[in-house]
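Please follow how two elements pack against each other in the model below, and then how an open space in the protein is lined.

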Amino acid sequence: MQPPDARPFLSIRGVSKRFGDVVALNDVSLDICEGEFFSLLGGSGCGKTTLLRVLTGLERPSTGKIFIDGQDMTSTPPHGRPVNMMFQSYALFPHMNVFSNVGFGLRQERIPKAELARRVEDALALVEMSDFARRKPHQLSGGQRQRVALARAVVKRPKLLLLDEPLAALDKKLRERTALELKDIQERVGITFVLVTHDQEEAMNLSTRIAVMRQGNLEQVGTPREVYEAPVSRFVANFIGSINLLECSSPSGKDEADHAYCETLDVHLRLPRLNGKDATDPTTRGPFLLGIRPEKMRLHRGRPEPPDADSIHGRIEQITYLGAQSTYHVRTASGKLLQVTLPMVDTANRDGFELEQSVWVTWSAASTVILPS
Ligand SMILES: Nc1ncnc2c1ncn2[C@@H]1O[C@H](COP(=O)(O)OP(=O)(O)OP(=O)(O)O)[C@@H](O)[C@H]1O
Ligand SMILES: [Mg+2]
């Protein structure tokens, strides 16, 4: 979490970047604090790499300014910025061994030999690659190459490290392990990290905060909990995890104040309590969406007793078994397919639900979220 008095270390002010007709970044403003592990998340082509390249100085913004540690760096060339970037391809030099790859940047800075050796050894120890110093990149596994690239990125002790999909080439298990190592390294060296990833789980696990990007815009910036529990749009809700979205119309005089008519299910549903009704409340402005995460729903054989929760009848049309949990796809009378995720507590599935079974789906209004339509 970000301490309330933390001062921004990196400040991006109204940055736009156009390539001809393409608007890769559209008036992006963002503050990142010292020591944060910040993730940029978004689909292909939404502007993630462009934003990193603007931060390194490899790309000049069309408009806007970049401040690092209080200094305007908008016109500063890459080598003048306290920033390093780890590219997705790792870009290790194939003809150099691990030691030379990691020490390359320091050699260019003409760091004395003894100090260079010490710093390279420290960096290799940090990523647990000390035993591989004499190997060439082609003699390493993908994960080991990734760690060498990381050592090369931290050895120059940048204040800000930008990582563009650093784990994309790894298989799932190695990816998860390396991600945890990455977080551990970040905590030990205290460098501010900005990570680009396609993988929402990775972003949720690692980050102090996440920015969800869409078409050159920051659609939402918040802690992993905020973007998951309180997505601001249909795009964010769908991008981070799964969600059931129900079309509703704004409460009319006939409705009780905390209920609304749900067109998707053809029933009246309870609404969550909002923090005071005001102009930003989407329920006062026509159609809106009620979102419910699949793991916040429950299944019952018989009709549950009112009045604690909303309930809707349906039939199980599909079951997706995922080991630790199962997702039940329940077709309601109105034709909507609801997703309900339940933890697998009983291996024998004695209490489990089966295909074609008639069930009641319930949820509490407090675990729903209201979104603009
Ligand atoms: N040098 C360039 N010239 C023209 N268009 C560019 C250039 N670099 C990027 N773009 C365009 O800008 C947009 C953003 O590209 P960017 O590389 O930042 O996307 P990204 O979010 O990193 O995508 P991915 O997840 O696929 O890596 C894309 O539409 C891309 O085609
Ligand atoms: Mg990219």
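In this predicted model, the axes of helix 2 and helix 4 come within 7 Å and cross at roughly 30 degrees, where axes are lines fitted to C-alpha atoms over the stretch in contact and angles run from 0 to 180 degrees between N-to-C directions. Helix 2 is therefore roughly parallel to helix 4, a term that covers angles under 35 degrees. The crossing of helix 2 past helix 4 is right-handed, that is, the near helix is turned clockwise from the far one by less than a right angle. Helices are DSSP runs of H or I with at least four residues, strands are runs of E with at least two, and both are numbered from the N terminus.

On the side of helix 2, Val98, Asn101 and Val102 meet Val148, Ala151 and Arg152 of helix 4, contact being heavy atoms within 4.5 Å. By class, four of these contact residues are nonpolar, one is polar and one is charged.

A pocket is an open set of points on a 1 Å grid, where a 1.4 Å probe fits, with protein on both sides within 12 Å along at least five of seven lines, and its lining residues have an atom within 4 Å of a point; the volume is the space filled by probe spheres set on the points. Among the 28 lining residues, Val83, Asn84, Met85, Gly105 and Lys156 are the closest to the pocket centre. Strand 6 (83-86), helix 2 (98-108) and helix 4 (142-154) each give two or more residues to this lining, and helix 2 gives the most, with five.

Residues are numbered from 1 along each chain as its sequence is written, and chains are lettered from A and ligands numbered from 1 in the order in which they are written. Because the model is predicted, local features need pLDDT of at least 70 and side-chain atom pairs count only at pLDDT 80 or more, while totals for chains, interfaces and linings use all residues, and side-chain values use heavy atoms, with hydrogens and water left out.

Notes
Angles under 35 degrees count as roughly parallel, over 145 as roughly antiparallel, 65 to 115 as roughly perpendicular and the rest as oblique. Ala, Val, Leu, Ile, Met, Phe, Trp, Tyr, Cys and Pro count as nonpolar, Asp, Glu, Lys and Arg as charged, and the others, Gly among them, as polar.
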